[in-house]
Amino acid sequence: MNKKVLLFLAQGFEAYEASVFTDVFGWSRVYGKDPVDLITTGIRAEIKCTWNLTVKPETEFDRIDSSDFDALAIPGGFETAGFYEDAYDERFLKLIREFDQRGKIIASVCVGAMPIGKSGILKGRKATTYDLLDGFRRKQMSEFGVRVQNQSIVIDKNIITSTGPSTGLDVAFNLLEMLTDKENVELVKRYMRFSPS
């Protein structure tokens, strides 16, 4: 049976940051030696991304059981587009805690790390998030008790965090490698026409 990733889409999410997961895991299903399924969910029945693309998640949030999934993926988004309304919703923070308690992987891009920090599971652990705009988000992460690192991608045990949209594909490939192996990632990259590592 294929491993499964839950992709959480908050109101105001960044479409590119979500698409890195849908594409990498989509290609893994078609050409990977260890295919991984990806299922989308969100608190709303319809979600508008930062740049106005509207999507309907596949699975209702209330039907999600963390034991059915091997990993959780969280793209970031813009506050002005309503990102934190959903990202900081207590129901989602509870789900993040459940994934961590079960030792499952949680991967985020950019400010997708913020709800992980707010959930409390990063207290005393290493992570990163968006670093520009006077480091505003990094200061918030520090206030959550996170040991903020000045790196583009930080992996602390089961949690992947990153600094911005440019890191998205690397986060998705790191997640795929953690769920399968390096050989599978190289195979998927080859079919996606990335240069060999």
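In this predicted model, the contact between helix H6 and helix H7 brings Phe173, Leu176 and Glu177 of H6 up against Lys182, Asn184, Val185, Val188 and Lys189 of H7. Sorted by class, this contact holds four nonpolar residues, one polar residue and three charged ones. Helix H6 covers residues 168–179 and helix H7 covers residues 182–191; their axes lie 7 Å apart and form an angle of about 140°. Because angles over 145 degrees would be needed to count as roughly antiparallel, H6 is classed as oblique to H7. The H6 and H7 crossing is right-handed.

Helix H1 is a further partner of H6. The axes of H1 and H6 approach within 9 Å and cross at roughly 40°, and the two helices are therefore oblique to each other. Here, too, the crossing is right-handed. On the H1 side, the contact is formed by Tyr16, Val20, Phe21, Val24, Phe25 and Ser28. Facing them in H6 are Gly168, Leu169, Val171, Ala172, Phe173, Leu175, Leu176 and Leu179. By class, the residues of this contact comprise 12 nonpolar and two polar, with no charged residue among them.

The remaining helix pair to visit is H1 with H7. Helix H1 spans residues 15–31, and its axis comes within 9 Å of that of H7, with a crossing of roughly 100°. That angle makes H1 roughly perpendicular to H7. Val24, Trp27, Ser28 and Tyr31 of H1 make this contact with Leu187, Val188 and Tyr191 of H7. Six of these residues are nonpolar and one is polar, while none is charged.

Turning to the strands, S6 (residues 71–74) is covered on both faces. Ala71 and Ala73 are buried on one side, and Leu72 and Ile74 are buried on the other. Strand S6 pairs with S1 (residues 3–8) through three bridges, and these two strands run parallel. Within this pairing, Leu7 stands opposite Ala73 of S6. Strand S6 is also joined to S7 (residues 105–108), in this case by four bridges, and again the strands run parallel. Ala71 has Ile105 as its bridge partner in S7.

How values were computed: Residues are numbered from 1 along each chain as its sequence is written. This is a predicted model: local features need pLDDT of at least 70, side-chain atom pairs count only at pLDDT 80 or more; totals for chains, interfaces and linings use all residues. Side-chain values use heavy atoms; hydrogens and water are left out. Axes are lines fitted to C-alpha atoms, for helices over the stretch in contact, and angles run from 0 to 180 degrees between N-to-C directions. Angles under 35 degrees count as roughly parallel, over 145 as roughly antiparallel, 65 to 115 as roughly perpendicular and the rest as oblique. A crossing is left-handed if the near helix is turned anticlockwise from the far one by less than a right angle, and right-handed if clockwise. Contact means heavy atoms within 4.5 Å. Ala, Val, Leu, Ile, Met, Phe, Trp, Tyr, Cys and Pro count as nonpolar, Asp, Glu, Lys and Arg as charged, and the others, Gly among them, as polar. Buried means under 20% relative accessible area, exposed over 50%, partly exposed in between (1.4 Å probe, protein chains only). Two strands pair if DSSP finds at least two bridges between them.
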